[in-house]
Amino acid sequence: MKVRHPGRTVLAAAALASLLTPAAAAPAAAATSATAKVAVVTGTAKTGSTPLNMRRSPSASAERVGSVANGGTVWILCQVAAQQITGTVRTTNLWDHLANGSWVSDAYVVRPSTGIPRCAPTEAPVATPVERAPAIPKKLAGESWRLPVGASLVSGFRTTARPSHDGVDLSAARNTPIVAAAAGTVIRVVCNVSAGSCDVDGNRTLSGCGWYAEVQHIGGIVTRYCHMVRRPSVTVGQAVTKGQQIGYVGTSGSSSGPHLHFEVHVNAAPATHANAVDPIAFYRSRGLVLG
């Protein structure tokens with residue numbers, strides 16, 4: 001009679017966790033128990049440029065415990081619904097529990113559309129509560145800002161009706177030029193839509209930012225420009241000057257009409273829900289009126 005060895009399951013899980021990037025030094029205890037109960041699904045991190053952060057719990061504000069390089073493999077045990085993130089692959093509130101015990105946002109993971117179970121309650125810690133927007137940093141020497149588009153304000157930052165709205169909406173006609181709000185480097189050019197293409201008009205039944213670009217500025221500030229009518233005019237790694245054209249106003253992605261959705265993030269990249277600040281207050285602190 002064959003004798004089963006329960007310990008082999010534990011050893012297999014440990015070996016699997018060791019395949020992750022050395023930077024991913026996360027707790028392994030949770031992964032051991034989870035691997036014994038569910039099949040592991042592999043996925044690929046897709047961030048565009050920066051590494052994908054691994055977190056101690058399913059929240060962008062949770063402690064960072066490691067990272068996965070763009071194009072790197074992740075081993076997914078299960079998923080849990082938590083903080084919504086708009087990433088390079090999709091807009092979603094799902095977080096992936098990895099074999100090394102850490103969590104990554106499913107918004108940045110290319111993986112099979114089926115076969116990933118929901119995490120059991122014991123495997124899914126409650127996400128860290130969403131914190132208030134961080135303080136707006138003081139203007140640094142050398143900073144110089146301007147408005148990204150001449151347009152009126154139609155929707156504010158994290159209003160009562162839209163608490164997850166991480167920017168402001170500026171109404172402008174289709175094909176109105178969008179310019180860089182300050183000098184910096186383009187770090188992301190993405191088509192982000194839940195279905196279909198960014199090259200056609202979007203609607204409110206979709207999710208995602210449509211065609212968008214992000215620019216990294218001095219002092220760890222990132223600006224995001226969404227819903228462009230077509231692919232941005234700039235490329236990742238390109239240096240831009242204040243006022244340089246980066247695209248055109250459109251209505252791609254989750255949008256009901258032509259406008260620019262504009263975000264400001266501090267202590268970035270990456271730009272996340274946790275580090276978004278009110279663009280109106282940010283501009284006011286620099287002596288400018290937005291909208």
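With which side chain does the side chain of Ser144 make a polar contact? The partner is the side chain of Lys242, at 2.7 Å. A polar contact here is a pair of N or O atoms within 3.5 Å; within protein, one must be able to donate a hydrogen and the other to accept it, and residues adjacent in sequence count only if both atoms are side-chain atoms.

1. Ground rules. This is a predicted model, where local features need pLDDT of at least 70 and side-chain atom pairs count only at pLDDT 80 or more, while totals for chains, interfaces and linings use all residues. Residues are numbered from 1 along each chain as its sequence is written, and side-chain values use heavy atoms, with hydrogens and water left out.

2. The chain overall. The protein chain has 3 helices and 17 strands; helices (H or I, at least four residues) and strands (E, at least two) are DSSP runs, numbered from the N terminus. Of its 291 residues, 50% are buried, where buried means under 20% relative accessible area, exposed over 50% and partly exposed in between (1.4 Å probe, protein chains only). Among contacts between residues at least 6 apart in sequence, 64% join residues at least 24 apart, with contact meaning heavy atoms within 4.5 Å.

3. Ser144. This residue sits in the loop between E7 and E8. Its relative accessible area is 35%, so Ser144 is partly exposed. Beyond its neighbours within four places in sequence, Ser144 contacts Ala181, Ala182 and Lys242. Arg286 is 142 residues away along the chain, yet the C-alpha atoms of Ser144 and Arg286 are 8.6 Å apart.

4. The aromatic pairs. There are 5 aromatic pairs in the structure. Rings of Phe, Tyr and Trp (its six-membered ring) pair if their centres lie within 6.5 Å; planes under 30 degrees apart count as stacked, over 60 as edge-to-face and the rest as tilted. Trp145 and Phe282 have ring centres 5.0 Å apart and planes at 80 degrees, so they form an edge-to-face pair. Because Trp145 lies in the loop between E7 and E8 and Phe282 in helix H3 (residues 279-284), this pair ties together parts 137 residues apart in sequence. Both partners are buried: Trp145 has a relative accessible area of 8%, and Phe282 is at 0%.

5. Trp145, Tyr225, Phe262, Phe282 and Tyr283 make up one aromatic cluster.

6. The largest pocket. Its volume is about 610 Å³. The lining has 28 residues, and those closest to the centre are Gln84, Thr86, Ser164, His165 and Glu263. Strands E4 (73-86), E13 (221-228) and E16 (259-265) each supply at least two lining residues. By type, the lining holds 7 nonpolar, 15 polar and 6 charged residues; Ala, Val, Leu, Ile, Met, Phe, Trp, Tyr, Cys and Pro count as nonpolar, Asp, Glu, Lys and Arg as charged, and the others, Gly among them, as polar.7. The cavities. The whole structure contains 3 cavities of 30 Å³ or more. On a 1 Å grid over the protein atoms alone, a cavity is a set of points where a 1.4 Å probe fits but cannot get out, and a pocket is an open set with protein on both sides within 12 Å along at least five of seven lines; lining residues have an atom within 4 Å of a point. Grid points are joined across faces, edges and corners, and a volume is the space filled by probe spheres set on the points. The largest cavity holds about 170 Å³. Of its 14 lining residues, Leu52, Asn53, Tyr108, Pro270 and Thr272 are the closest to its centre. Strand E2 (residues 52-55) gives the most to this lining, with 3 residues.

7. Arg111. Look for Arg111 in the loop between strand E7 (109-110) and strand E8 (152-155). Its side chain makes a polar contact of 2.5 Å with the side chain of Asp106. Residues up to four places away in sequence aside, Arg111 touches Thr42, Gly43, Ile76, Gln79, Arg90, Leu94, Asp106 and Ile116.
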